[in-house]
Amino acid sequence: MRSSSTRRRRWSLTRYFAFVSVLAMAALGCALVWVTATVMREQAINDGTAAAESVMAYAVAPLPASAFVDGQLTDAEEAAVRASTAGFGDRIVDLRLWSTVGVLLYSKSEAETGFPDTARNNQVLASGVSDAQVITDVRESQEVGSPSRQQQVLDVYVPVRASNAHGGASGGAPVDPAKTIGTAEIMLNHDDATAALRSAVGTVALVVAGGLVALWLLLFRTVFTTSKRLQATALENARLALLDSLTGLPNRRLLTERMTKTVADAQRNGARLGMVLLDIDRFKDINDSLGHDHGDELLEQVADRLRKALRDEDVVARLGGDEFAILLTDVRSVEDAEQLARRVRELFGPPFKLGEMSLHVETSIGVSCLPDHAGDASSLMRTADVAMYAAKHHRTGVATYSPEEDHSSPARLVLLGDLHRALDPAPGEPRELELHYQPKVDLDTGRILGLEALMRWRHPERGLLLPTVFIPLAEQSGIIHRLTRYALTNAVEQLAAWSAEGRSTPIAVNLSAHDVTSHNVVVVIEDLLAEHDVPASLLEVEITETALVADPSRVVPVLERLAALGVKVAIDDFGIGNTSIAQLRDLPVQELKIDRLFVSDLGDGGRESAHVVVQAMVDLAHSFGLRVVAEGVEDQITAATLRRLGVDQAQGFLYSRAVPADEVTALAMLPQPRRTTTRTPRKQKSG
């Protein structure tokens, strides 16, 4: 069926080419003949004009210039004109001499009166250039009863200058030799020229037509033969372009075409589609260790297992490398798609035979469904790809698309654009990013000893956003440094404002792992403190324990510079990292903040082991002269337990949520802790 359709299409194209090429050749032939005829016709007129100018010279030579001025010729002068032009014979149909005012001086046909073609005559008198036109002259036959005879005549108006008249003066004032004193209208027989022109044009037309026909036949044969070869090659290339050359599976292009049509049908019918993407784990290692030949053999066997295990209506394709795709054309739910993906993964359970070797291979599979996770073919492929990399990253084997794993979703990209705008608001627009402050309370007195600055984003459409929404986005996109500078700037400005009011409450600002590996943050802090005249002792910075452990060789020098500047440093989320005792002893820090994970287990009904862990942290910190702050304190029992264990300060919802700067003054009076037990005394760091 396809071959027959291709032949019909090829025959249609051939007929179309033949029709178009014939028209083109005909147009080319007509153009060549027309150009040739035009050139020959113009040449014949030019030759006739030259002959007419010669006739004028002979006719005017015996006349005096004054004759044109007087407007009449004597009989002797007319006879002289006839005699001087007699040599041209019958070629001259008529000869007329006109004065500048259009008076007929002489006519070969012996007409006594007449008028020149006024427009042409005036043009020749004004320009001094001859004007020639081919006209049809009708003459009565001299034989009685014979019809009138038509002949082609070249009618030429030639300017007559005084220098052309050599007959001498007949009295009167002298005339300027260059002056045009009249015109000579010479009518030449043009029949022979017309016949010769017609014959020449006919000959040229025959030659051109014959040559173009021969050329067309040669070109048509060449084009037809070449077209057949090209079409055959194109058909083969088209087939190969849609199939993977190694496995014979549909390739990405064919899959995209099928997806576009299938998605359109599913959206129209309200059906659900599934996309399963998989790639072979550590395939590069297989290629490097066993060679590309064995790698290709493995891919062929994978393709064969997938092809045999799936339904006929499902589309299995190889996208490239070790990546395969399965388009599930009809699934009832996301769970069904995920279940089918797990069945696909089971296909990789039996080992693959590569020569004499058995090879066990694992795969990572991502699942996405339309309309659950995507609205079009492109999004369906992208979300399945996100899910596949999530499965690889978390080593789960199979993963279904989750927006939390999608760091390049359109919504996140829009939010990133909004974050850029919020960091650099236009003049006159309100600030969207603002700092809220949560108090750090002395567990003995209940007094506020410090504040932690926490970023909030008052998004114009999404409302108040917490840092967990946009801080990871800022870290992934690289604008976390701008966000940190924004927080430091606002915190130092707030310290300056409070200092002017006579208040001196320290503020702690969180630094990300990206900030504490560069000395630039120290320069920023130093410049801000100097610019706003704020003591370094009022500014604290907090870094997470995981950031410290990740790259201590780069972080510790930054912390040492901050400590030398007078800025206090705290280790945040302490207990979830792997800081050694030796590191803690040598770190230039002044405060440990126990992670809320441990604090939450200290409330009513808390585990005894949590008490032991927190007590160990407190004793360790105090042995190094460090202050201990507990995060996430939400009830009085937890606060009392922390005080009994020797914790110095606490922060959490028991005391206050993070509030804007103008509400901090209302936090001056906080609930006093219940002193039911004696707190463990803090040990001072020796030295």
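1. A word on exposure first: buried means under 20% relative accessible area, exposed over 50%, and partly exposed in between (1.4 Å probe, protein chains only). With 47% relative accessibility, Asp527 therefore counts as partly exposed. This is a predicted model, where local features need pLDDT of at least 70, side-chain atom pairs count only at pLDDT 80 or more, and totals for chains, interfaces and linings use all residues. Residues are numbered from 1 along each chain as its sequence is written, and side-chain values use heavy atoms, leaving out hydrogens and water.

2. Asp527 sits in helix H14 (helices are DSSP runs of H or I with at least four residues, strands are runs of E with at least two, numbered from the N terminus).

3. The structure has 4 aromatic pairs (ring centres within 6.5 Å; planes under 30 degrees apart are stacked, over 60 edge-to-face, the rest tilted). Tyr58 and Phe88 form an edge-to-face pair, because their ring centres are 5.6 Å apart and their planes lie at 75 degrees. Tyr58 is in helix H1 (residues 2–60), and Phe88 is in the loop between helix H3 (75–85) and strand E1 (92–99), 30 residues apart.

4. Pro552 belongs to helix H16 (residues 552–565) and is partly exposed, at 27% relative accessible area.

Definitions and conventions: Rings of Phe, Tyr and Trp (its six-membered ring) pair if their centres lie within 6.5 Å; planes under 30 degrees apart count as stacked, over 60 as edge-to-face and the rest as tilted.
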